[in-house]
Amino acid sequence: MDTTTVKQGTITRFEQDMHLLTWIDAFLIDRKAQNMSKGTLYFYLKKMELFSCFCDGQGISQVTEIEAGTIREFLVWLENNGHNPGGINAVYRAIRAFLN
């Protein structure tokens, strides 16, 4: 968790690694710690790989750079690259779980 302290109008931030791949790894470890099945873990792994590749292509490397528009562009990108509506919804569910 990112800790922020406000002093006399200046924000001092005790930085934590906000790199997207670090957070994705932590998310996958969390899913494994919740004792999810191998199939579910594989599902999350594949969906997060798609998302991280898209973000990399967009020059997004930090979690803090992800915006609502990023997700919308990603969903359109999936559609343009031949993913069916059910597959796009599955990816969206994985991204939503990651960002929550």
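Q: How do the axes of helix α1 and helix α2 cross, and within what distance do they come?
A: The axes of α1 (residues 20-33) and α2 (residues 38-57) cross at roughly 170 degrees and come within 11 Å. Axes here are lines fitted to C-alpha atoms, for helices over the stretch in contact, with angles from 0 to 180 degrees between N-to-C directions. Helices (H or I, at least four residues) and strands (E, at least two) are DSSP runs, numbered from the N terminus.

Q: So what does that make α1 relative to α2?
A: Roughly antiparallel. Angles over 145 degrees count as that, under 35 as roughly parallel, 65 to 115 as roughly perpendicular, and the rest as oblique.

Q: Which residues make the contact?
A: From α1, Leu20, Leu21, Ile24, Phe27, Leu28, Arg31 and Lys32. From α2, Leu41, Tyr44, Leu45, Met48, Ser52 and Cys55. Contact means heavy atoms within 4.5 Å.

Q: And by class?
A: The α1 contact with α2 has 10 nonpolar, 1 polar and 2 charged residues. Ala, Val, Leu, Ile, Met, Phe, Trp, Tyr, Cys and Pro count as nonpolar; Asp, Glu, Lys and Arg as charged; the others, Gly among them, as polar.

Q: Stepping back, what kind of model is this?
A: It is a predicted model, where local features need pLDDT of at least 70, side-chain atom pairs count only at pLDDT 80 or more, and totals for chains, interfaces and linings use all residues. Residues are numbered from 1 along each chain as its sequence is written, and side-chain values use heavy atoms, leaving out hydrogens and water.

Q: What is the mean pLDDT?
A: The protein chain has a mean of 86, and 84% of its residues reach 70 or more. Residues 1-15 are below 50; beyond near neighbours in sequence, that stretch has 15 contacts in the model. pLDDT is the predictor's confidence in each residue, from 0 to 100. Where pLDDT is low, the predicted coordinates should not be read in detail.

Q: What pattern does the chain follow?
A: Along the sequence it reads β-β-α-α-α-α. That comes to 4 helices and 2 strands.

Q: At what angle do α2 and α4 pack?
A: At about 90 degrees, with their axes 9 Å apart; α4 covers residues 85-99. The two are therefore roughly perpendicular.

Q: Who meets whom there?
A: Phe43, Tyr44, Lys47, Met48, Leu50 and Phe51 in α2 meet Ala90, Val91, Arg93, Ala94, Ile95, Ala97 and Phe98 in α4. By class, that contact has 11 nonpolar, no polar and 2 charged residues.

Q: How many aromatic pairs are there?
A: The structure holds 7. Rings of Phe, Tyr and Trp (its six-membered ring) pair if their centres lie within 6.5 Å; planes under 30 degrees apart count as stacked, over 60 as edge-to-face and the rest as tilted. Phe43 and Tyr44 are edge-to-face, because their planes are at 70 degrees, with centres 5.4 Å apart. Phe74 and Trp77 are stacked, at 6.0 Å centre to centre and 20 degrees between the planes.

Q: Which residues do ring pairs link into a cluster?
A: Phe27, Phe43, Tyr44 and Phe98.

Q: Is Phe74 buried or exposed?
A: Buried, with a relative accessible area of 0%. Buried means under 20%, exposed over 50%, partly exposed in between (1.4 Å probe, protein chains only). Trp77 is partly exposed at 32%.

Q: What about Thr70, buried or exposed?
A: Thr70 is buried, at 8% relative accessibility. This residue is found in helix α3 (residues 68-80). Not counting residues up to four places away in sequence, Thr70 touches Phe54, Ile60 and Glu65.
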